[in-house]
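Kindly read each point with the sequence and the structure side by side.

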Amino acid sequence: MRYDTEVTFVIEKDGYYDPELGEHVEPTLVKTVKLGNVTDLGTDRSKTLFGDIKQGAKVIRLLRPYTKEWDYVLIFNKLRRKNEKFEIITERNLRLKNTFIVQEVFKDG
């Protein structure tokens with residue numbers, strides 16, 4: 001199994017007012033990049049989770065556990081040469097590995 005796809009876990013930190021500075025602090029993104037094995041979700045598993053076949057669902061496998069909380073993940077699409085945004089559906093944490101099932105977030109409009 002190859003762990004060759006760039007997976008970026010993103011934490012969004014909200015902006016806030018800092019009374020010591022006397023100004024608003026802008027929201028920030030904290031990104032952690034890992035290499036993972038990313039595959040499409042199989043039809044049987046998709047039917048079990050969603051009741052039907054969902055487009056844009058992926059399985060991410062990490063060789064080393066990633067246990068921090070995260071808001072969404074960016075997966076680099078080699079064909080489109082850009083990052084695509086995914087949200088978590090479910091996860092399994094083993095002692096030495098992580099498995100996440102994620103679904104693509106489609107932009108409205």
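**Notes on the strands, the pocket and selected residues**

1. Val38 stands opposite Ile60 in β5. This pair belongs to strand β4 (residues 28-40) and strand β5 (residues 57-62), which are antiparallel and share 5 bridges. Two strands are said to pair if DSSP finds at least two bridges between them. Strands (E, at least two residues) and helices (H or I, at least four residues) are DSSP runs, numbered from the N terminus.

2. The model is predicted: local features need pLDDT of at least 70, side-chain atom pairs count only at pLDDT 80 or more, and totals for chains, interfaces and linings use all residues. Residues are numbered from 1 along each chain as its sequence is written, and side-chain values use heavy atoms, with hydrogens and water left out.

3. The overall plan of the protein chain comprises 1 helix and 8 strands. Read from the N terminus, the order is β-β-β-β-α-β-β-β-β. The protein chain has 109 residues, of which 29% count as buried. Here buried means under 20% relative accessible area, exposed means over 50%, and partly exposed lies in between (1.4 Å probe, protein chains only).

4. The protein chain exposes about 8,100 Å², and carbon and sulfur atoms supply 47% of that area. Accessible areas come from the Shrake-Rupley method with a 1.4 Å probe; for residues, only the protein chains shown count as cover. As for contacts (heavy atoms within 4.5 Å), consider those between residues at least 6 apart in sequence: 55% of them join residues at least 24 apart.

5. Which strand does β5 pair with over 6 bridges? The partner is β8, and the two strands run antiparallel. Within this pairing, Arg61 stands opposite Thr99 in β8.

6. Leaving aside residues up to four places away in sequence, Thr99 touches Val59, Ile60, Arg61, Thr90, Glu91 and Arg92. Thr99 and Leu62 are 37 residues apart along the chain, yet their C-alpha atoms are separated by 6.5 Å.

7. Strand β8 (residues 98-104) is also joined to β7, by 7 bridges in the antiparallel sense. Ile88 stands opposite Val102 of β8. The two strands, β7 and β8, form a hairpin with 4 residues between them.

8. Strand β7 pairs with strand β6 (residues 72-77) as well, antiparallel and over 5 bridges. Two of the facing pairs are Leu74 with Lys85 in β7 and Asn77 with Lys82 in β7. β6 and β7 form a hairpin with 4 residues between them, and Arg81 in the turn has a positive phi of about 55°.

9. Is β6 largely enclosed or largely open? It is largely enclosed by the rest of the structure, because 5 of its 6 residues are buried. β6 also pairs with β1 in the antiparallel sense, over 4 bridges. In that pairing, Val10 has Tyr72 in β6 as its bridge partner.

10. Thr8 lies in strand β1 (residues 5-13). Its relative accessibility is 5%, so Thr8 counts as buried. Residues up to four places away in sequence aside, Thr8 touches Lys31, Thr32 and Val33, together with Tyr72, Val73 and Leu74.

11. The second largest pocket holds about 160 Å³ of space. A pocket is found on a 1 Å grid over the protein atoms alone: it is an open set of points with protein on both sides within 12 Å along at least five of seven lines, and lining residues have an atom within 4 Å of a point. Its lining consists of Arg80, Lys82, Asn83, Glu84, Lys85, Glu104, Val105, Phe106 and Lys107. Strand β7 (residues 82-93) gives the largest share of this lining, 4 residues. By residue class, the lining divides into 2 nonpolar, 1 polar and 6 charged. In this scheme Ala, Val, Leu, Ile, Met, Phe, Trp, Tyr, Cys and Pro are nonpolar, Asp, Glu, Lys and Arg are charged, and the others, Gly among them, are polar.

12. Phe106, one of the lining residues of this pocket, is found in the segment after β8. Its relative accessibility is 54%, so Phe106 counts as exposed. Phe106 and Glu84 are 22 residues apart in sequence and 9.1 Å apart in space, C-alpha to C-alpha.

Methods:
On a 1 Å grid over the protein atoms alone, a cavity is a set of points where a 1.4 Å probe fits but cannot get out, and a pocket is an open set with protein on both sides within 12 Å along at least five of seven lines; lining residues have an atom within 4 Å of a point. Grid points are joined across faces, edges and corners, and a volume is the space filled by probe spheres set on the points.
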